[in-house]
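Dear colleague,

Please find the structure below, handed over for your files. My notes on it follow directly after.

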Amino acid sequence: GSVTEASWRKMAKLWLSDGVIRGDLDGLAVSERATSANASVDIATGRAWVDGHFFESDAVENLTIDANSSGNGRIDRIVVKADFSANTIALAVVKGTAAATPVPPTLTQSASLWEIPLAQVAVANGFPSIAAADITDERQFAAGKQDWQHIPGTLAFSSDDDAPTFVMTTGDDLTGLVPLGARFRCVQATADVYGIVTAVSSSSL
């Protein structure tokens, strides 16, 4: 049969998990605007793997953060966004919703659009500029499907860790950050536990 973009992507997803390619260029790090802080952020050069597609940015890019006059804070996300309908991959700001206790916007990962996170940006009401303290790095790094996967945050067992299948809870939303099929090792005081990720939710894997 013929080779389609969808079939190629399906194959390429077996090579690497989503994420920034570690050690290439400057790792797509998000930072305060270098020349002088304003309502924007800089994204360093780097490369990434996005749902079976390669992305490269070979120059620092600056993205504007929308104003916030809502009376509450907001959390935006800086992402690498693959638009399969438009055949584009680009850096983008995903705007959050202002609230008394704001949460970051959910990543879109669908058949037509796929986002991987680079950073969260805390957007205060009436903010004049974005400072380094407002930026939280949330990059995951691409790994071969047989490589060990780093899982951020603190994990705890919520079921028997001696069973063939067990659940671990986390205080962080790992959706879109940890790929299915990734291998992991949990280092404990008594004995290490090894596993393969078969399901990921907002609070457990």
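This is a predicted model: local features need pLDDT of at least 70, side-chain atom pairs count only at pLDDT 80 or more; totals for chains, interfaces and linings use all residues.

Strands here are DSSP runs of E of at least two residues, numbered from the N terminus.

An open antiparallel sheet is formed by three strands in the order β1-β4-β5. Since β1 (19-20) and β5 (53-57) stand at the edges with a single partner strand each, one side of each is left without a neighbour in the sheet. Strand β4 (residues 46-50) pairs with β1 over two bridges, in the antiparallel sense; pairing requires that DSSP find at least two bridges between two strands. Within this pair, Gly-19 is opposite Trp-49 of β4.

Gly-126 lies in the loop between β9 and β10 (135-137). This residue counts as exposed because its relative accessibility is 54% (exposed is over 50%, buried under 20%, partly exposed in between, with a 1.4 Å probe and protein chains only). Its C-alpha atom is 9.0 Å from that of Asn-72, 54 residues apart along the chain.

Residues are numbered from 1 along each chain as its sequence is written, and side-chain values use heavy atoms, leaving out hydrogens and water. Local features need pLDDT of at least 70 and side-chain atom pairs count only at pLDDT 80 or more, while totals for chains, interfaces and linings use all residues.

Yours sincerely

Notes: Helices (H or I, at least four residues) and strands (E, at least two) are DSSP runs, numbered from the N terminus.
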